[in-house]
Amino acid sequence: MKKSMQELLSKNKEKISKESAEKILRIDEAEIAEFLREIGSQEIEYIPSGMIKKGLTTEYIGKEIYSFNEVESTNSVAKFLAKQGSPEGTVIISETQTKGKGRRGKKWESPSGGIWLSIILKPDIDPSKAPLITLATGVAVARTLRGMNIDARIKWPNDILINNKKVCGILTEANAKFNTVEYVIVGVGIDTNLNVDVLTEDVKKRATSLSVEAKIEISESETVSNFLNEFEEIYDLFKLEQFDEILYDWRKMSQTIGSYVEIKQPLGKVLKGTAVGINNQGALILELNNGELKKVISGECTLKEN
């Protein structure tokens, strides 16, 4: 990770002093983090952090925002800064990602025209509760889009759909030691004004953007502000362990519950059946073709015609 952060600094040498630029390959991780914060504090034209902050009503989410023109992955930068002491609520945002990640290591295409951001969280929770953060984030995204009069629906476990096409993906990565969560990184990618034609053939068949669905250009700064406001409200409920309230909203906006689905699990196992609900741990409850009820903790979910 240190090497990739050094490479990021090298691409931004013009934003720091000449002496500092010459030190990049010799400095330690704490110094790298300071340079990243210095560079990230300088506004970029794409989604200016000052515009985001004007729309915030939060107490701590988004109080520190670091913006970049290009990174490998906002989650990677967030993990590095979390390890170096960046506080809860710190947001990393980038115009593009060269190695954006989805679940199970899949590539997440992240060209200009979308919102690619990560949030550093430091919840005092049992690691078993971490998956519920993904569901809570889905609720925050769906609420944000519905506030724009867009009928956003949640697909278990981590996608947001509009008219059955993916508009947002969520990647949650937790770092735990000795049954203690040190930090959680929530990565969110929203196709806002993205031209879906630039995506690969396979992806663009399943993807859409907010501008396509709303038929207007979307203000990314306003969308980020609104999302961060919604996220803090939901995350505060999560920290108070008010999971019922979060899951109530999740179920209400779910595209998965009531649908016939296929779940691909590790080692090639495939489950098929009707999704009948989720439990309080965020597991999907599947009624298999033989009538058996099955609890599914993780997997790749595809909505199918019955």
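Contact here means heavy atoms within 4.5 Å. By that criterion, among contacts in the protein between residues at least 6 apart in sequence, 65% join residues at least 24 apart. The model is predicted: local features need pLDDT of at least 70, side-chain atom pairs count only at pLDDT 80 or more, and totals for chains, interfaces and linings use all residues. Residues are numbered from 1 along each chain as its sequence is written, and side-chain values use heavy atoms, with hydrogens and water left out.

The protein holds 10 helices and 12 strands. Both are DSSP runs numbered from the N terminus (helices H or I, at least four residues; strands E, at least two). Of the 306 residues, 53% are buried. Buried means under 20% relative accessible area, exposed over 50%, and partly exposed in between (1.4 Å probe, protein chains only). The accessible surface comes to about 14,400 Å², and carbon and sulfur atoms account for 47% of it. Areas were computed by the Shrake-Rupley method with a 1.4 Å probe; for residues, only the protein chains shown count as cover.

Five strands form an open sheet in the order β11-β10-β9-β8-β12, with antiparallel pairing. Its edge strands, β11 (293-296) and β12 (300-304), each pair on one side only. Pairing requires at least two DSSP bridges between two strands. Within the sheet, β8 (residues 260-264) and β9 (residues 270-278) run antiparallel and are joined by five bridges. Lysine 264 has valine 270 of β9 as its bridge partner.

Helix α3 (residues 29-40) has 12 residues. From first C-alpha to last it reaches 16 Å, close to the 16 Å expected at 1.5 Å a residue. The expected span is 1.5 Å times one less than the number of residues. Its buried residues are Ile32, Ala33, Phe35, Leu36, Arg37, Ile39 and Gly40.

Asparagine 75 lies in helix α5 (residues 74-83). It is buried, with a relative accessible area of 4%. Residues up to four places away in sequence aside, asparagine 75 touches Ser118, Leu171, Glu173, Ile185, Val186 and Gly187. Isoleucine 185 is 110 residues away from asparagine 75 in sequence, yet their C-alpha atoms are 6.5 Å apart. The side chains of asparagine 75 and serine 118 make a polar contact of 2.5 Å. A polar contact is a pair of N or O atoms within 3.5 Å; within protein, one must be able to donate a hydrogen and the other to accept it, and residues adjacent in sequence count only if both atoms are side-chain atoms.

Serine 211, in helix α8 (residues 210-214), is buried at 17% relative accessible area. Its side chain makes a polar contact of 3.2 Å with that of serine 209.
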